[in-house]
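Colleague: I'd like to learn how to read helix packing and chain contacts in a model like this. Can you walk me through it?

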Amino acid sequence: MTAYIIRRLILAVIVLVLVSMFVFLAMRLLPGDPVLMFVSSSSVQEITDEQLESLRHEFGLDKVLPMQYLDWISGVLHGDLGRSILNHSPVTQEILRRLPITIHLGALAFIIAVIIGIPAGVLCAVRRGSWLDNFITTLSNIGITIPVFWLGIILIYVFALYFEWLPVMGYTSPFEDFWLSTKKIIMPVFCLALGPLAGNARQARSSMLEVIHKDYIRTAWSKGLRERTIIIKHALKNGLMPVVTLSGIGIGAILGGSVLIEQVFNIPGMGRLAVTSVMNQDYPYVQAIALIMAISIVFANLLVDISYGWLDPRVHYE
Amino acid sequence: MSIEANLEPTTAVNSQRVSELRRFFRTFVNRGVVVFGLVIIIIFIIAAIFAPWLAPYNPDKIDMNNARLQPSGSHWLGTDSLGRDTLSRVIYGARVSLMIGLVVVLFSSIVGMSLGLIAGYFGGWVHAIIMRLMDMLMAFPVLVLALLVAAILGGGLVNVIWALAFAMVPIYARLMCGQAISVKENDYVLAGRSMGASHIRIMLRHLAPNCFPPLIVMMTMMLGTTILAEAGLSFLGIGVQPPIPTWGNMVNDGRDYLLSNPLLSFAPGLAIMLVVYAFNMIGDGLRDALDPQLRGVI
């Protein structure tokens, strides 16, 4: 098991290094000179070539590319993600302000996707062919195909504008006003959760169906065990393995979805910041957010792999 | 193999092939939702091809005298803030969405499958390098990767295609690589090698065709996923730029007029959902028809 974990860790580190190189290079590929971008957005109107050179030196842009990368990555490792082109404020500060909001919504969505999606899928498998199965399967097929930003708009129309039950948009910290905060996040969290929830339900259903026809389940039936015992003690353990894998993908879906949903509901999180920075061509933000999201996903997948090896000993003996 | 197939005379290769095709179609259209999906896609393809004849108005014609009309006999879905007919724009939007879906899927699947095939066939270092690069790309949510590429290239139709194709490559590469690794263990690959066939010939003639079934299912489903992603980018204003009508930017445009005419947002969104749902159902049907064992693999 230790060897397996170490192997996974090494792979994750390699992917993280590649991710950081990619994000770094992506920003260097941008049309335009970063120094000129920096200067043209500031109040300085006239600038001499010497000044440009000294700025270039100051930013370390006169070094060779690998050195620039090392400078950048050591900054990142010390929590320095650069400065905004637009207002020159430190990127890290702004991200730290917005990250909790995205995590608040994303974590709730993830939990909901797991605690509703998996039981729903298991229920479908156990009652295969019933109206409940058909109903949930149809709903989950719709859930993985519906455009979430559109769903958000429909929800706003129905619950906020028509019935006026919920606030239209915005975000309030739960520490400030818990009730208002909850009312505001119901719709966005539902939108974020829907895709992963439907995915979990589909996967749980199909892998449970596969397990239910295995010999050892038949043996359990013939021993005269109760249905609940068979499902919970025998079938679930093996049936839910692929769902664990899927939860790693779910994190990616939620992070990607946050870009859209935060835009729809006007939530000042990281996703919205990514969109506004692309619009404003404030690339250091885009770079930082892409990096943070990729790192979170690599870690989520690492955890999935390790828990997989722990749950299923066959995996790490390979 | 069913009993029916075994009873057929083995010499009648032709009739066996026909019956296999027939069985394929029978399983394929067995489920109602698959037929529903096919009908939806055919309707949208017709709408896309014949848009100039089907659309009641020019989708780009600005007519401020008829701005923000409610749905009526002359404008079934009403008009937007610039007086453009919503129904016509939804019909023309099918062109953009289907075209982007098709081009992106073709492009990314060719690149992704080639990379996966090479990685799976050669193994070792080649595999390690290609697949780690794919892992790296897969660490980004598709939308974020597309945002990053769009940030570099800028918005617009062509750049959206590049961005999405780039983001989708690893999905095919990973599936193809897994397929190639399992298929290359077959004896006919060894036989090909011993007869002196080149690597390229073995990959293209022996490996690729046998790796294909799950990939064709994946491509069908990815048509939907791509259209969804494009709609998301256009909704954010980073994808296809106005005045080209796309369902994504129409949903966004309609947001400000939800109370006066919700159809401005609802209609294009419904079109997105129908198309994506249809492609997914067709993919499901194809999977069941090609090989029931693929269930759960994709």
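Colleague: Which residues in α5(A) meet which residues in α6(A)?

Modeller: Keep in mind that this is a predicted model. To read a helix pair, list the residues on each side that touch. Here A:A120, A:L123 and A:C124 come from α5(A), and they meet A:L132, A:D133, A:I136 and A:T137 of α6(A). By class, that contact has five nonpolar residues, one polar and one charged.

Colleague: How do the axes of those two helices cross?

Modeller: For that, look at the angle between the axes. Helix α5 (residues 91–126) and helix α6 (residues 131–145), both of chain A, have axes that come within 8 Å and cross at roughly 140°. Angles over 145 would count as roughly antiparallel, so this pair is oblique instead. As for handedness, α5(A) and α6(A) make a left-handed crossing.

Colleague: And zooming out, how many helices and strands are in chain A?

Modeller: Chain A has 14 helices and zero strands. Its C-alpha atoms fill a box of roughly 85 × 60 × 35 Å along the principal axes. Of its 318 residues, 36% count as buried.

Colleague: How many residues of chain B are in contact with chain A?

Modeller: Count each side on its own: 38 residues of chain B are in contact with 39 of chain A. On the chain B side, α6 (124–138), α7 (142–153), α10 (199–236) and α12 (263–290) each supply at least two residues. By class, that side of chain B has 27 nonpolar, seven polar and four charged residues.

Conventions. Residues numbered from 1 in each chain as written. Chains lettered and ligands numbered in written order. Predicted model: local features only at pLDDT ≥ 70, side-chain atom pairs only at ≥ 80, totals over all residues. Axes fitted to C-alpha atoms, helices over the stretch in contact; angles between N-to-C directions. Helix = DSSP H or I, 4+ residues; strand = E, 2+ residues; numbered from the N terminus. Parallel < 35°, antiparallel > 145°, perpendicular 65-115°, else oblique. Left-handed = near helix turned anticlockwise from the far one by under 90°. Contact = placed C-beta atoms within 7 Å. Nonpolar A, V, L, I, M, F, W, Y, C, P; charged D, E, K, R; others polar. Buried ≥ 20, exposed ≤ 12 C-beta atoms within 10 Å, placed from the backbone.
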